[in-house]
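Please examine the fold shown below before reading on.

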Amino acid sequence: MSELAKWDSFYGILGSAAATLIGLQFVVMTLVAERPSIHSAEAGAAFATPTIVHFCAVLLLSAFLRAPWDAVAFAAVLVGLMGLSGAVYTAIVTRRMWKQPAYKPVFEDWLFHAVLPLTAYVVLAASAFAALSWTRESLFGVGAAALLLLFSAIHNAWDAVAYHVLVQRSKPSTDREHDKTSGKEI
């Protein structure tokens with residue numbers, strides 16, 4: 001499968017980056033887990049967990065596309081299922097963002113937690129669907145979707161860490177427990 005072989009280094013780099021960032025995110029979340037507030041579980045499901053899911057999606061996608069497939073069809077089915085599953089998951093995340101009481105999302109949150117991941121997963125599914133007819137072009141779509149997921153997750157991880165370091169750590173503990181509008185509780 002010569003078309004997939006050309007992408008080997010690309011997915012090697014992406015997979016390594018995603019795996020490293022997953023580990024780093026766990027370290028950071030452990031360090032900032034001082035005293036979670038009452039609503040932190042709902043906010044975590046809306047803001048923190050999707051970041052790890054997107055990192056894992058990039059890692060899994062990299063593994064799928066580095067496997068020595070004999071034909072593109074099986075890889076396309078797996079990538080398509082990932083795209084569809086990711087789109088459904090992003091819809092669930094969007095609902096969680098809307099319903100969680102700890103933080104009122106702003107435009108940037110909707111963009112990086114809902115719109116961009118949904119776009120990436122839809123492009124992933126569409127690229128998988130087109131893979132049998134336009135293999136070369138669809139691989140560029142898959143690559144773009146993977147990068148979009150990786151950059152969205154990096155942004156979201158940084159946003160969460162910056163919030164915990166710059167906003168939450170500077171507040172007295174009683175303010176942290178009652179703050180529902182000025183920051184994320186994740």
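Helices (DSSP runs of H or I, at least four residues) and strands (runs of E, at least two) are numbered from the N terminus. The model is a predicted one, in which local features need pLDDT of at least 70 and side-chain atom pairs count only at pLDDT 80 or more, while totals for chains, interfaces and linings use all residues. Residues are numbered from 1 along each chain as its sequence is written, and side-chain values use heavy atoms, with hydrogens and water left out.

The protein contains seven helices and zero strands, in the order α-α-α-α-α-α-α from the N terminus. Of its 186 residues, 49% count as buried; buried means under 20% relative accessible area, exposed over 50%, and partly exposed in between (1.4 Å probe, protein chains only). Contact requires heavy atoms within 4.5 Å. Among contacts with a separation of 6 or more, 79% join residues 24 or more positions apart.

Two packed helices are described by the angle between their axes and the distance between the axes. Axes are lines fitted to C-alpha atoms, for helices over the stretch in contact, with angles from 0 to 180 degrees between N-to-C directions. For helix H4 (residues 72–99) and helix H5 (residues 107–130), the axes come within 7 Å and cross at roughly 160 degrees. H4 is therefore roughly antiparallel to H5, a term that applies to angles over 145 degrees.

In soluble globular proteins, nonpolar side chains tend to be buried together. A nonpolar core is here a set of buried Ala, Val, Leu, Ile, Met, Phe, Trp, Tyr and Cys residues joined through side-chain atoms within 4.5 Å. The largest such core has 29 residues, and those with the most contacts inside it are Tyr11, Phe55, Leu61, Leu65, Val79, Leu124 and Val142. Helix H2 (8–32), helix H3 (40–66), H4, H5 and helix H6 (135–168) each supply at least two of its residues. H6 gives the largest share, eight residues. Leaving out residues up to four places away in sequence, Val142 touches Tyr11, Leu61, Leu65, Val79, Leu124 and Ser127. Another core, of six residues, lies apart from the largest one and includes Ala46, Tyr89, Val93 and Tyr103.

Ser138 lies in helix H6 and is buried, with a relative accessible area of 6%. Beyond its neighbours within four places in sequence, Ser138 contacts Ser127, Ala130 and Ala131. Ala17, in helix H2, is partly exposed, with a relative accessible area of 26%. The C-alpha atoms of Ala17 and Val58 are separated by 9.0 Å, although these residues are 41 residues apart along the chain.

Note on methods: Parallel < 35°, antiparallel > 145°, perpendicular 65-115°, else oblique.
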